[in-house]
Amino acid sequence: KIQKGEGVIGIDPGISTVAYVSKNSCELVDLVPKDFARKERLIQNLSRKIERSRRVNNPEAYNENGTRKKDVRLKTLSKRAKRLAIRRQTAYRKLTEDRRKRQGELVNHIVSQSSVIKIEDLDVKSLQKRKREIRINSKTGRPFSKKRYGKAVFKAAPGHFRTLLLQRANSTGCKVDIILPKKIKPSQYNHITGEFDKKELKTRIYNLTDEITDIQRDLYSAFLIAHIENDKYLTEQLEENFDNFYKNMKKQLHILRQKPSRLSWYVE
């Protein structure tokens, strides 16, 4: 059985990553299962085969341009299409099992080394919504793409990670604090200068000062989240623990930069 540890741990959850920082550890984890691209291609190919079979068996239900007619009932799937549907269902099930196993191991590791968990609030549902307003590109005259994160949420399931973490923390007796980012903005704060520097979303590596360089945005945000209480930063503890965090962060960046992976974009 997993038992809670000691100390405070800060977590900065992303759409497909989780950055956590404790007193002696610092890590950036990818929530997407391994070989996801290969399994995703398999699901796409099976879906195409099922759709082609449905169109061949129901020619009267589609227009000449390929669109579906309204109020036309489709026939049941053929035996071959049913076998393909079972294969697709099995592929979805294996992806879900890989995700749950990966997230379960991560949650157990986090709970085993902390008694207080501070996690930033991430509204996953709002990321999947499509924006209503239309913005036009002045150079091309075409509308900008209404960016959504539905596919990324499907790959990593960040909402399931948070639910699993809260359940495990409740069963082991860990205290969980939800940090609202709108009030304190940990991704923009600089504890040395005490100022908020707004950065673009693509900026993942930056410098705090001329001497303190190569700071990873997600890990530094997790470090700040661990030192927040009552919507205020604990400045004295930040200064005391920053040197230890800086060393652990350098080791983690060195490990991530050794082998190319999906996390390479987060450390460049």
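Asp214 counts as buried at 18% relative accessibility, where buried means under 20% relative accessible area, exposed over 50%, and partly exposed in between (1.4 Å probe, protein chains only). The structure is a predicted model, in which local features need pLDDT of at least 70, side-chain atom pairs count only at pLDDT 80 or more, and totals for chains, interfaces and linings use all residues. Residues are numbered from 1 along each chain as its sequence is written, and side-chain values use heavy atoms, with hydrogens and water left out.

Asp214 forms a salt bridge with Lys250, the closest N and O atoms being 3.5 Å apart; a salt bridge is a side-chain nitrogen of Lys or Arg within 4 Å of a carboxyl oxygen of Asp or Glu. This pair links distant parts of the chain, with Lys250 in helix α8 and Asp214 in the loop between β8 and β9 (215-216), 36 residues apart. Helices (H or I, at least four residues) and strands (E, at least two) are DSSP runs, numbered from the N terminus. Lys250 is partly exposed, with a relative accessible area of 30%.

By the same rule, the count comes to eleven salt bridges. One of them joins the side chains of Asp30 and Arg262 (2.7 Å, N to O). Here Asp30 lies in strand β3 (residues 26-30) and Arg262 in the segment after α8 (235-258), 232 residues apart. Asp30 is buried at 10% relative accessibility, whereas Arg262 is partly exposed at 41%.

The side chains of Asp218 and Arg204 also meet in a salt bridge (2.9 Å, N to O). Asp218 is buried, with a relative accessible area of 8%, and Arg204 is buried, with 10%.
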